[in-house]
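This briefing goes through the fold, the helix packing and a few individual residues in turn. Please keep the sequence and the 3D view at hand while reading.

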Amino acid sequence: MAFIDPDNPLAAEILQEAGEAYFSGCRKMVASLEALRAFDRVVVPSTHDAKQVTRRSQLLDDAAERVHFVLIQRDAMQLSKSETFFEDYGIPADVKARVGQPPRKKG
(Lines give C-alpha, C1' and ligand atoms only; values in the text may rest on other atoms or scores of the structure.)
Protein backbone atom coordinates (compact mmCIF):
# COMPACT_ATOMS: atom_id res chain seq x y z
CA MET A 1 0.00 0.00 0.00
CA ALA A 2 2.43 2.62 -1.22
CA PHE A 3 -0.23 5.35 -1.04
CA ILE A 4 0.10 5.53 2.77
CA ASP A 5 3.10 7.22 4.39
CA PRO A 6 4.49 4.70 6.91
CA ASP A 7 6.12 7.51 8.93
CA ASN A 8 2.73 9.10 9.62
CA PRO A 9 1.29 7.55 12.84
CA LEU A 10 -2.31 7.97 11.66
CA ALA A 11 -1.49 6.44 8.29
CA ALA A 12 0.25 3.52 10.02
CA GLU A 13 -2.87 2.93 12.11
CA ILE A 14 -5.05 3.05 8.99
CA LEU A 15 -2.73 0.55 7.34
CA GLN A 16 -2.96 -1.75 10.37
CA GLU A 17 -6.76 -1.58 10.40
CA ALA A 18 -6.90 -2.22 6.65
CA GLY A 19 -4.75 -5.32 7.15
CA GLU A 20 -6.94 -6.55 9.99
CA ALA A 21 -10.08 -6.04 7.88
CA TYR A 22 -8.47 -7.88 4.96
CA PHE A 23 -7.46 -10.87 7.07
CA SER A 24 -10.86 -10.94 8.73
CA GLY A 25 -12.39 -11.09 5.25
CA CYS A 26 -9.99 -13.90 4.33
CA ARG A 27 -10.97 -15.89 7.42
CA LYS A 28 -14.67 -15.47 6.59
CA MET A 29 -13.99 -16.50 2.99
CA VAL A 30 -12.10 -19.61 4.07
CA ALA A 31 -14.89 -20.51 6.54
CA SER A 32 -17.54 -20.17 3.83
CA LEU A 33 -15.51 -22.29 1.42
CA GLU A 34 -15.08 -24.93 4.12
CA ALA A 35 -18.83 -24.91 4.86
CA LEU A 36 -19.48 -25.61 1.17
CA ARG A 37 -16.86 -28.39 1.12
CA ALA A 38 -18.31 -29.93 4.29
CA PHE A 39 -21.79 -29.93 2.76
CA ASP A 40 -20.44 -31.56 -0.41
CA ARG A 41 -18.62 -34.24 1.63
CA VAL A 42 -21.81 -35.20 3.48
CA VAL A 43 -24.48 -34.87 0.79
CA VAL A 44 -24.20 -36.93 -2.37
CA PRO A 45 -25.20 -34.81 -5.41
CA SER A 46 -27.43 -37.49 -6.91
CA THR A 47 -29.51 -37.61 -3.71
CA HIS A 48 -30.16 -33.85 -3.33
CA ASP A 49 -33.73 -33.03 -2.41
CA ALA A 50 -35.20 -29.52 -2.79
CA LYS A 51 -34.00 -28.40 0.66
CA GLN A 52 -30.49 -29.64 -0.02
CA VAL A 53 -30.37 -27.92 -3.41
CA THR A 54 -31.51 -24.68 -1.77
CA ARG A 55 -28.98 -25.03 1.05
CA ARG A 56 -26.10 -25.71 -1.35
CA SER A 57 -27.12 -22.74 -3.46
CA GLN A 58 -27.06 -20.56 -0.33
CA LEU A 59 -23.61 -21.86 0.61
CA LEU A 60 -22.41 -21.28 -2.94
CA ASP A 61 -23.77 -17.72 -2.94
CA ASP A 62 -22.12 -17.00 0.41
CA ALA A 63 -18.76 -18.38 -0.71
CA ALA A 64 -18.87 -16.42 -3.97
CA GLU A 65 -19.79 -13.23 -2.12
CA ARG A 66 -16.93 -13.71 0.38
CA VAL A 67 -14.44 -14.36 -2.44
CA HIS A 68 -15.71 -11.24 -4.21
CA PHE A 69 -15.28 -9.14 -1.05
CA VAL A 70 -11.69 -10.33 -0.63
CA LEU A 71 -10.91 -9.59 -4.27
CA ILE A 72 -12.31 -6.08 -3.84
CA GLN A 73 -10.20 -5.57 -0.71
CA ARG A 74 -7.10 -6.83 -2.52
CA ASP A 75 -7.73 -4.36 -5.30
CA ALA A 76 -8.39 -1.46 -2.90
CA MET A 77 -5.20 -2.26 -0.99
CA GLN A 78 -3.27 -2.46 -4.25
CA LEU A 79 -2.06 -5.96 -3.49
CA SER A 80 -0.40 -7.86 -6.27
CA LYS A 81 -2.66 -9.44 -8.84
CA SER A 82 -1.86 -12.98 -7.81
CA GLU A 83 -2.55 -15.32 -10.68
CA THR A 84 -2.72 -18.19 -8.21
CA PHE A 85 -5.27 -16.64 -5.78
CA PHE A 86 -8.08 -19.06 -6.72
CA GLU A 87 -5.73 -22.03 -6.68
CA ASP A 88 -4.05 -21.01 -3.41
CA TYR A 89 -7.41 -20.93 -1.63
CA GLY A 90 -8.81 -23.98 -3.44
CA ILE A 91 -11.76 -22.03 -4.78
CA PRO A 92 -14.00 -24.41 -6.78
CA ALA A 93 -15.04 -23.63 -10.34
CA ASP A 94 -18.71 -23.23 -9.41
CA VAL A 95 -17.77 -20.57 -6.83
CA LYS A 96 -15.52 -18.77 -9.34
CA ALA A 97 -18.37 -18.77 -11.84
CA ARG A 98 -20.65 -17.02 -9.33
CA VAL A 99 -18.17 -14.38 -8.11
CA GLY A 100 -19.62 -10.93 -8.74
CA GLN A 101 -23.09 -12.25 -9.57
CA PRO A 102 -26.13 -11.27 -7.54
CA PRO A 103 -27.36 -14.04 -5.21
CA ARG A 104 -29.93 -16.35 -6.74
CA LYS A 105 -33.53 -15.69 -5.82
CA LYS A 106 -34.90 -17.77 -3.00
CA GLY A 107 -37.86 -20.02 -3.59
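The protein contains 4 helices and 0 strands, and along the sequence these elements follow the pattern α-α-α-α. The model is a predicted one, and the values below are computed from its atoms.

**Overall dimensions and burial**

- The radius of gyration of the protein is 17 Å, whereas a compact globule of 107 residues would have one near 13 Å.
- Of the 107 residues in the protein, 27% count as buried.
- Among contacts in the protein with a separation of 6 or more, 63% are accounted for by residues 24 or more positions apart.

**Packing of α1 against α2**

- Two packed helices are described by the angle between their axes and by the distance between those axes.
- For helix α1 (residues 9–42) and helix α2 (residues 50–76), the packing angle is about 155° and the axes lie 9 Å apart.
- Angles over 145 degrees count as roughly antiparallel, and α1 and α2 are therefore roughly antiparallel to each other.
- The crossing that α1 and α2 make is left-handed.
- On the α1 side, the contact is made by A21, Y22, G25, C26, K28, M29, S32, L33, A35, L36, F39 and D40, while α2 contributes Q52, R55, R56, L59, L60, D62, A63, R66, V67, V70, Q73 and R74.
- Sorted by class, the contact of α1 with α2 has 13 nonpolar, 4 polar and 7 charged residues.

- R74 has its place in helix α2 and is one of the residues through which α2 makes its contact with α1.
- Is R74 buried or exposed? The relative accessibility of R74 is 14%, and because buried means under 20%, R74 counts as buried.
- Not counting residues up to four places away in sequence, R74 touches Y22, L79, S80, S82 and F85; of these, Y22 is among the α1 residues in the contact with α2.
- From R74 to P102 the separation is 28 residues in sequence and 20 Å in space, C-alpha to C-alpha.
- L71 also lies in helix α2, and with a relative accessibility of 26% L71 counts as partly exposed.
- Leaving aside neighbours within four places in sequence, L71 is in contact with F85, F86 and V99, and F85 is also touched by R74.
- L71 and G100 are 29 residues apart in sequence, and their C-alpha atoms are 9.9 Å apart in space.

- P45 is found in the loop between α1 and α2, and at 63% relative accessibility P45 counts as exposed.
- Between P45 and D94 there are 14 Å in space, C-alpha to C-alpha, and the two are 49 residues apart in sequence.
- Q78 belongs to the loop between α2 and α3 (85–88), and at 52% relative accessibility Q78 counts as exposed.
- Most residues other than glycine have a negative phi.

Methods: Residues are numbered from 1 along each chain as its sequence is written. This is a predicted model: local features need pLDDT of at least 70, side-chain atom pairs count only at pLDDT 80 or more; totals for chains, interfaces and linings use all residues. Side-chain values use heavy atoms; hydrogens and water are left out. Axes are lines fitted to C-alpha atoms, for helices over the stretch in contact, and angles run from 0 to 180 degrees between N-to-C directions. Helices (H or I, at least four residues) and strands (E, at least two) are DSSP runs, numbered from the N terminus. Angles under 35 degrees count as roughly parallel, over 145 as roughly antiparallel, 65 to 115 as roughly perpendicular and the rest as oblique. A crossing is left-handed if the near helix is turned anticlockwise from the far one by less than a right angle, and right-handed if clockwise. Contact means heavy atoms within 4.5 Å. Ala, Val, Leu, Ile, Met, Phe, Trp, Tyr, Cys and Pro count as nonpolar, Asp, Glu, Lys and Arg as charged, and the others, Gly among them, as polar. The radius of gyration is taken over C-alpha atoms; the globule rule is 2.2 Å times the number of residues to the power 0.38. Buried means under 20% relative accessible area, exposed over 50%, partly exposed in between (1.4 Å probe, protein chains only).
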